[in-house]
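User: I've got a two-chain model open and I'd like to know what the labels on it really rest on. Can you walk me through them?

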Amino acid sequence: MFFWKRKKSQGDNLKEDKKKNELPIHRQTTVEMIEMLKKHFQHSNDLMYRHLKDHQIVLVYIQEITDADKINQNVISPIQNLDSKHLSNEVLMESINVGGIKSTNDFEEVIQSITTGWALVYLSKKNSGILVEVGKLRERALSRPENETNVYGPQIAFSEALSTNKALIRENLHNPKLCIEDLLVGKVSRTKVALFYIEGISNEENVNTMRQRIQDLEFDSVFDAANLVQLIEDNSMTIFPQLMLTERPDRLGHELSQGKVGVVIDGSSYAIMGPTTFLSFFQTTEDYYVRWTMGTFIRLVRFLATIMSIFFTPLYVLAVTFHYEIIPSDLLVQLGQTRSKVPFPPILEALFLEFTIELLREAGARLPTKVGQTMGIVGGIVIGQAAVQAGFTSNILIIIVAISALGSFTAPNYMMGNAIRIIRFPIIILAGLYGGFGVGFSIVFLSVHLLRLSSLGRPYFYPLFPFRIKEFKDTFIRMPFPKLAKRPDYNDTKDEGRFNQHRANKKKDIDE
Amino acid sequence: MDINIRPKPYLLFNAFHLIFIIFSIQVGVGLPGFQRIIVMESGHDAWISVIVAGIAAHLVVMVMIATLNRYGSADLYGIHQDIFGKWLGSIINTVFIAYLVLSTTVVFRAYIEIVQVWLFPELPVWSMAIFGGLLAIYAVLGGIRVVVGVSVLSVLFTLWMIFLLYFPIQYAEWKSLLPIFDTSTLDILKGAYKMSFTLAGFEILYYIYPYVKEKEKTSLFTHLGLLATNLLNLIIMVVSLVYFSEGQLLKTIWATLSMFKIIQLPFMERFEIIAISLWMLVILPNAILPLWAATRGMKRVFGFKQKYSLHGIVIIIFIAQMLLKTRDQVNMFFDWFSNKGFYLVFIYPFILYVLVLVVQKMRQKRGLASNETKAPSNKSSN
């Protein structure tokens, strides 16, 4: 499960290394300081330094990741205007016109800060240096969500910059109780990670578990949320995702307000949230933006589509291979006619067509959009028509496979959609080999498997087990808001009331 | 071995899950074909036998809960240890472990029999036994929570099959229930006795009781679960009696499945094939709850780790299934098992209750503080 834990000996060595590196800054001259820094940066070319005030002050930064204008106007020019005789750290800190400024004597922190776009201002023979935030943010404009599109609701997605994402969450939740903790992940990549939760709502156990898992992580480099999520999941030997990824700030905001814990990682346009149940992968924020009747309807459609997507093709295979008596005779005649030309056993026929659909999907995902349109023609017309005419597959199977492919795309979460498409293949094979017994086995196996999974240590197949019929109103269906007075029991929130249900549901008499 | 066990809090489950546990462990391989056996004894009054047997089961559960209440949080193994002492207690515990292992064997073997008759006559026993064994190992390795979860899902995913009874009811001949009380009381009681194989399973309460979170609600939810099973048995029995003629029912081995056979929908017929395929989910709790209880017993009595004894027991079950080759052998074994099971499940709880009462009274008289057994020991064991 936590495979990085096995390599504990390596990790211990690293921690010792870290201790050796912990040099306090101690009354160096500016030249000594530069030498020390150069050594730590392996004499890297992009490390810039500049002496000011007759070698009394040195300014060190990395050119490419800092803003030259900020350095010139807000750091260098105020320092140059100072009186050379009365220099001290206090005077420097007052004169520099930058908001992000701190004083430190930890050399390790100095190095870490310089790599993330801060500049060091060091006054000769002092015990501490001043760190000034002069980073340049390289980011693209905010765009619409690509993978979680909604008709209603805000059309904005996370971007790659951590600070922008933090801002987006703050804009959703203007609440002083929103806690943001900064963590560092990856021995090589040193990626910044922010942990989000709302104090007073989120369960502390969940927050601690999430923080613990990120802190204990000993992996060399983590570049994306999708990367991190695989490292902190409960169980990696499964195809089901156990923590949710979302690119919608409103979704994260909503889930945070319901007591979940969020994680945003620098360089990724996805946020992680948890704990998550299996069923929540079939919900979207849109369910709450449309009226509850519609929300309930689309949720039910999604569940039905998922079940169909998993079991439709296996049912065809088992019926045509072994138990054709379950098909009514009228239908059986039609089926027999279309299948009469097909020379393959049903299992091969089904696997061939399912594989073709997977090919189309994968090719469509890799091709640029302009070429992508041809995929539809090639897939739909050429392969579909020609395969039937050539006697490779039956018409009915094409309909079934197309419906189950569509069904798997209704899962609002890409990871879950993938999982659904993959588990279909073993079930088809079992249906072809063992008929109804094989399909029964796979249903039972999936049930047991889902029961065994957990998300941040909480049951994954909630609310089916532990069975909570009260929670059905916001899982399988979506009741109107006056009925959703309590936060999900699953998150085990400190404060479970969303509003005063009593006041909201006060009944009036007629004509009052 | 401690008499009382205090499982860690996260292993406990809410008391209302007992409804699912009791229901799912009672509904199993008995249900598809219990009608013929009862009707053989009590004719068209078989439904009265079902009610009588149901009431008997309620009585037994009352006694079981009364026994368990005399201890704080003990299971059957602990109670035996307390009453019979170390040596005799261990021997009796071994008998009960053997019974649990046999009941798992019976469940798997009966299901294989159904699959062979209805779906795949050629499919060898060993291949299905391997599938079943792997599932059982995978589920029990998840611990008590997964085992209870399987019971819940088993009920939720298969309860819809009750509505399939609507189709045979359309052809019902209600007059075949008349005249009521035509059969002699003795025959009705004989029929009720034959119900014991179908009703057995609730004795699992003896083993899972320490894992119930709200112990004071155990009685309520166990009886509710039992009531649900009894109602289901009664409904199926009545529908079978009005759908089949008595002579026909005597010749139909799996009457419930035969009733599913007639269902015709525009897109699907012969629902018994779907039902048998899904029946694996119905029988899995019947197999893994006793299996789990047996591994607990191996740990409590002999100190084996549950992980290891589980694999050993599953291998034994696998071999036992292979040994039962022909239909006659299977039938003989089931008859033998259900006869012995009757005494262990329906008679023994009364004996145990009396013994517990007597022993505890004697201790009180002898001046031994009774709260030594009653009060929970602070020492916890998982």
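Analyst: A:V58 stands opposite A:Y122 in β4(A). This is a predicted model, where local features need pLDDT of at least 70 and side-chain atom pairs count only at pLDDT 80 or more, while totals for chains, interfaces and linings use all residues. Residues are numbered from 1 along each chain as its sequence is written, and chains are lettered from A and ligands numbered from 1 in the order in which they are written.

User: What makes β2(A) and β4(A) a pair?

Analyst: Strands here are DSSP runs of E with at least two residues, helices are runs of H or I with at least four, and both are numbered from the N terminus. Two strands pair if DSSP finds at least two bridges between them. β2(A) and β4 (residues 118-123) of chain A have 4 bridges in the antiparallel sense, so they pass.

User: Which strand pairs with β2(A) over 6 bridges?

Analyst: That's β1 (residues 47-52) of chain A, again antiparallel. Within this pairing, A:M48 has A:Y61 of β2(A) as its bridge partner. The hairpin of β1(A) and β2(A) has 4 residues between the strands, and A:K53 there takes a positive phi near 55°.

User: Why is β2(A) called mostly covered?

Analyst: A residue is buried if 20 or more other C-beta atoms lie within 10 Å of its own, exposed if 12 or fewer, and partly exposed in between, with C-beta atoms placed from the backbone. In β2 (residues 57-62) of chain A, 5 of its 6 residues are buried, hence the label.

User: What makes β1 and β3 of chain A edge strands?

Analyst: The open sheet has 5 strands in the order β1-β2-β4-β5-β3 (chain A), with antiparallel pairing. β1 and β3 (101-104) of chain A each pair on one side only. From one strand to the next, the twist averages 20°.

User: And which parts of that sheet does α4(A) touch?

Analyst: α4 (residues 68-80) of chain A touches β1, β2, β4 and β5 (129-133) of chain A, and its direction makes about 170° with that of β2(A). Axes are lines fitted to C-alpha atoms, for helices over the stretch in contact, and angles run from 0 to 180 degrees between N-to-C directions. α6 (residues 107-115) of chain A packs on the sheet too, touching β2, β3, β4 and β5 of chain A, at about 140° to β4(A).

User: How do you know that the buried residues of α3(A) line one face?

Analyst: The buried residues of α3 (residues 30-40) of chain A are A:T30, A:M33 and A:L37. Down the helix axis they fall within an arc of 55°, so they line one face; the arc is that of the directions from the axis to the C-beta atoms. An α-helix has 3.6 residues a turn, so residues three or four places apart point the same way. On the other side, A:E32, A:E35 and A:K39 are exposed. The buried residues pack against β1, β2 and β4 of chain A.

How values were computed. Contact = placed C-beta atoms within 7 Å.
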